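Welcome! Have the model open beside you as you read.

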Amino acid sequence: MNSPDSSAGILTIDLAELKRNWQRLKSRLNSADCGAVIKAEAYGLGAGRAIVQLCQAGCTEFFVALIDEGVYLRKVLCDVGLKANIHILGGPMAAGQTLEEFNLIPVLNSLVDIAFWKEKHPQAPADIHIDTGMARLGLSPSEVEMLQKEPQRIKGLNISYVISHLACSEDFKTTMNADQLKSFHQALTLFPGCKASLANSSGIFLGDKYFFNLARPGAALYGINPTPGKPNPMGQVIRLQGKILQVREVNAPQTVGYGATHQIKGQGLIATVGVGYADGYPRSLSNRGFGFLGGVQVPIVGRVSMDLTTFDVSNVPEQLAHPGALIDLIGPIIPVDDVADAAGTIGYEILTSLGHRYQRIYKTIY
Ligand SMILES: *Cc1c(COP(=O)(O)O)cnc(C)c1O
């Protein structure tokens, strides 16, 4: 753990808000269950903390990408005496023994996966993923057709959920969602009596036709807006503050940073913060992004470099801009989606890129 004096800045992760976000989503789902996708370290925030918090809130279905992630999280849960189902989106990858040993549920993504699981682990639960429009993972349309002709291929399988994944759920106008819903319903006729799961975060906002038995939100739990273009119904979970290392007086015709991309126009003040692209603060924010100091918006001037970013703090009350002071970079006053917009990316990438040189503070006060 980095100390406040030796780190690039402070990353505060509000686990109470994470829990509230899960409850907010759950309250929209009528009788359907609300799971949680905590792959990639819970989108960078810390999967061990997230699983304990959400498990205590009543969540029982967790999804990760890799078997390694599942093994780690099973150990975390055992250590604190909690139980939950952990599903592996990436599939069994021939590692059946590990899956059974750590009580992990693989998502079977092909007929080959299904044959493998049926032969090696006939009793152990598994999910089946139907590809309805991503062409990424899951049974392809031709494999679904094959199943129609040869339903014995899934006979005897202990199916936990039949799942599919939406490609455009944040787009409320596209016909893609309804098309995928239709394909999913068609495929589900092959699995009578099985539980089903389709909606990711934004899918929860498409209406109850998309709920089935279980939703699998990720992004919205961590404060990313599942309804882009409309007010964010979720709370901000992270606050990232960068520490000022130096404040300097500048004047024309000085320039700032690599490539001399910012030209000083007159007398002013530049604050240099110890956070850069090596910390996941994107270089594409150069001359575009901004922070907040003392309630004043402070623009990034010049290029974001590896460990440093320069802000124009000329308009900030003088006593607030000093070495050791913290500039807000992401958080309640600068939502992660706004930072992503300025950087030309999505909130998912901002969160999963957050580096390891911050002092991390986990808040759990309700
Ligand atoms: C990542 C993922 C999710 C979660 O999606 P969000 O948009 O973050 O809510 C759900 N299902 C699958 C299959 C995923 O890969």
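## The second largest cavity

The lining of the second largest cavity divides into nine nonpolar residues, one polar residue and no charged ones. Please keep in mind that the model is a predicted one.

## The largest cavity

How many cavities of 30 Å³ or more does the structure hold? There are two, and the largest of them has a volume of about 50 Å³. Its lining is made up of Tyr-281, Leu-285, Gly-289, Phe-290, Leu-329, Ile-334, Asp-338, Val-339 and Ala-342.

By class, seven of the lining residues of the largest cavity are nonpolar, one is polar and one is charged. Which helix gives the most to this lining? That is helix H9, residues 336-343, with three residues.

## The largest pocket

Now for the open space. The largest pocket contains about 780 Å³, and 37 residues line it. Nearest its centre lie Tyr-43, His-165, Asn-200, Ala-219 and Tyr-348. The lining of the largest pocket comprises 18 nonpolar, 12 polar and seven charged residues.

Helix H9 turns up here as well: it supplies three residues, the largest share of the lining of the largest pocket. Helix H2 (39-44), H9 and helix H10 (347-353) each bring at least two residues to that lining.

## The ligand and its shell

Where does the ligand sit? You will find the ligand in the largest pocket. Around it are 13 residues, and the closest are Lys-39, Tyr-43, Ser-201, Ala-219 and Tyr-348. Tyr-43, Ala-219 and Tyr-348 are also among the residues nearest the centre of the pocket. The shell around the ligand divides into six nonpolar, four polar and three charged residues.

In the side chain of Lys-39, an N or O atom is 2.7 Å from an oxygen atom of the ligand. For Asn-200, the distance from a side-chain N or O atom to an oxygen atom of the ligand is 3.0 Å. Ala-219 takes part through its backbone, where a polar atom is 2.8 Å from a ligand oxygen. On its own the ligand has 390 Å² of accessible area, and the protein covers 93% of it.

Two spots in the backbone deserve a quick visit. Ala-40 belongs to helix H2, and its phi is near 50°, a positive value in a residue other than glycine.

The other spot is the peptide bond that joins Ala-252 and Pro-253: is it cis or trans? This bond is cis, with omega about 5°. To find Pro-253, go to the loop between strand S11 (238-250) and strand S12 (255-256).

Notes: Residues numbered from 1 in each chain as written. Predicted model: local features only at pLDDT ≥ 70, side-chain atom pairs only at ≥ 80, totals over all residues. Heavy atoms only, no water. Near = heavy atom within 4 Å. Polar contact = N/O pair within 3.5 Å; in protein donor to acceptor, adjacent residues only side chain to side chain. Areas by Shrake-Rupley, 256 points an atom, 1.4 Å probe, with all protein chains shown as cover. 1 Å grid on protein atoms, 1.4 Å probe; cavity = no way out; pocket = protein on both sides within 12 Å on 5 of 7 lines; lining within 4 Å. Sits in = over half its atoms within 2 Å of the grid points. Nonpolar A, V, L, I, M, F, W, Y, C, P; charged D, E, K, R; others polar. Points joined across faces, edges and corners; volume = space filled by probe spheres on them. Helix = DSSP H or I, 4+ residues; strand = E, 2+ residues; numbered from the N terminus.
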